[in-house]
Amino acid sequence: VYTYIELIYDKATDTQYVKFTIRDTSGGLLFTSSLTSDYEMPDPAVIHVQKSIHGLKGELNTAATIVAGTKSDNSDICLTADIYYVDDEGDHPRIFDPDHPENENYLPNPNYNGDAVLGIIAKQDVLYTGAEDDKNLEVNGAIMAITGQVKWGGGSTDKDHLRVFGARISSGRTYRASWGGGYNNSGVYVYDDRLRCAPPPKFLTVDKPMYIGFEVVR
């Protein structure tokens with residue numbers, strides 16, 4: 001079976017949901033979850049799928065980590081549409097305007113006041129496909145490919161721009177396009193500094209110096 005995950009934030013009720021869709025290998029629908037209390041996401045949340053996640057998209061208002069694969073299963077995660085952080089008013093942390101020059105079209109949003117954070121961990125590859133999206137793809141989150149690559153995975157489809165706000169961690173290369181297709185026009189990657197002090201749940205921790213005092217020498 002193929003697993004698809006959509007993160008859905010209901011601004012009216014201030015509720016974060018996760019929607020699961022399960023299809024067979026020919027595309028037939030086997031299961032889809034409803035937006036009920038059974039699928040409300042705790043804060044923080046960890047979602048683990050033992051096999052590959054064939055589609056991941058949506059909006060996140062809380063803290064979550066999504067994992068695909070096991071020690072013995074080399075699973076992938078396909079990023080099929082935009083993945084945004086969203087605050088209580090529905091604002092996103094950055095503003096993307098493809099009509100502006102490359103260095104001026106992915107800027108901080110002064111109206112965003114949320115604290116969402118997302119970890120995306122695949123045992124093997126994390127693939128940009130944009131299969132359910134337009135020519136552009138925006139991803140908010142810390143992306144990690146444990147044994148593989150963070151890369152274009154949409155075949156010969158020709159796309160435009162890729163924007164990532166968060167971090168990328170890869171065992172191999174990271175790239176947004178290949179000879180056959182991809183986000184050929186531009187790619188912009190902005191590190192989310194909040195990851196240092198408020199990482200996604202169960203994500204990698206980083207030891208860093210702790211300063212507990214100082215001495216003034218005359």
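**Aromatic pairs and the rest**

Modeller: Let's start with Phe 96, which is buried because its relative accessible area is 19%, under the 20% cut-off. Keep in mind that this is a predicted model.

Colleague: Okay! And Tyr 106, is that buried or exposed?
Modeller: Tyr 106 is buried, at a relative accessible area of 5%. The ring centres of Phe 96 and Tyr 106 lie 6.1 Å apart with the planes at 90°, so this pair is edge-to-face. Phe 96 sits in strand β8 and Tyr 106 in strand β9, so the pair ties together parts 10 residues apart in sequence.

Colleague: How many aromatic pairs are there?
Modeller: The count is 4 aromatic pairs. One of them is Tyr 85 with Phe 165: the centres are 6.4 Å apart and the planes are at 75°, so that pair is edge-to-face. Tyr 85 belongs to strand β7 and Phe 165 to strand β14, so the pair ties together parts 80 residues apart in sequence.

Colleague: New topic: which residues have the most contacts inside the largest nonpolar core?
Modeller: They are Ile 5, Leu 56, Leu 79, Leu 118, Tyr 128 and Ile 143, in a core of 46 residues. Strand β12 (residues 137-145) gives the most to this core, with 6 residues.

Colleague: What does Leu 79 touch?
Modeller: Leaving out residues up to four places away in sequence, Leu 79 touches several residues, including Leu 56, Val 126, Tyr 128 and Ile 143.

Colleague: What about Ser 186, where is it?
Modeller: Ser 186 is in strand β17 (residues 181-191), and it counts as buried because its relative accessibility is 2%. The side chain of Ser 186 makes a polar contact of 2.6 Å with that of His 161 and another of 3.0 Å with that of Arg 163.

Colleague: Last one: how many disulfides are there?
Modeller: A search of the whole structure finds 0. As for cysteines, Cys 78 counts as buried at 15% relative accessibility, whereas Cys 197 is exposed at 66%.

Technical notes:
Residues are numbered from 1 along each chain as its sequence is written. This is a predicted model: local features need pLDDT of at least 70, side-chain atom pairs count only at pLDDT 80 or more; totals for chains, interfaces and linings use all residues. Side-chain values use heavy atoms; hydrogens and water are left out. A nonpolar core is a set of buried Ala, Val, Leu, Ile, Met, Phe, Trp, Tyr and Cys residues joined through side-chain atoms within 4.5 Å. Buried means under 20% relative accessible area, exposed over 50%, partly exposed in between (1.4 Å probe, protein chains only). Helices (H or I, at least four residues) and strands (E, at least two) are DSSP runs, numbered from the N terminus. Contact means heavy atoms within 4.5 Å. A polar contact is a pair of N or O atoms within 3.5 Å; within protein, one must be able to donate a hydrogen and the other to accept it, and residues adjacent in sequence count only if both atoms are side-chain atoms. A disulfide is a pair of cysteine sulfur atoms within 2.5 Å. Rings of Phe, Tyr and Trp (its six-membered ring) pair if their centres lie within 6.5 Å; planes under 30 degrees apart count as stacked, over 60 as edge-to-face and the rest as tilted.
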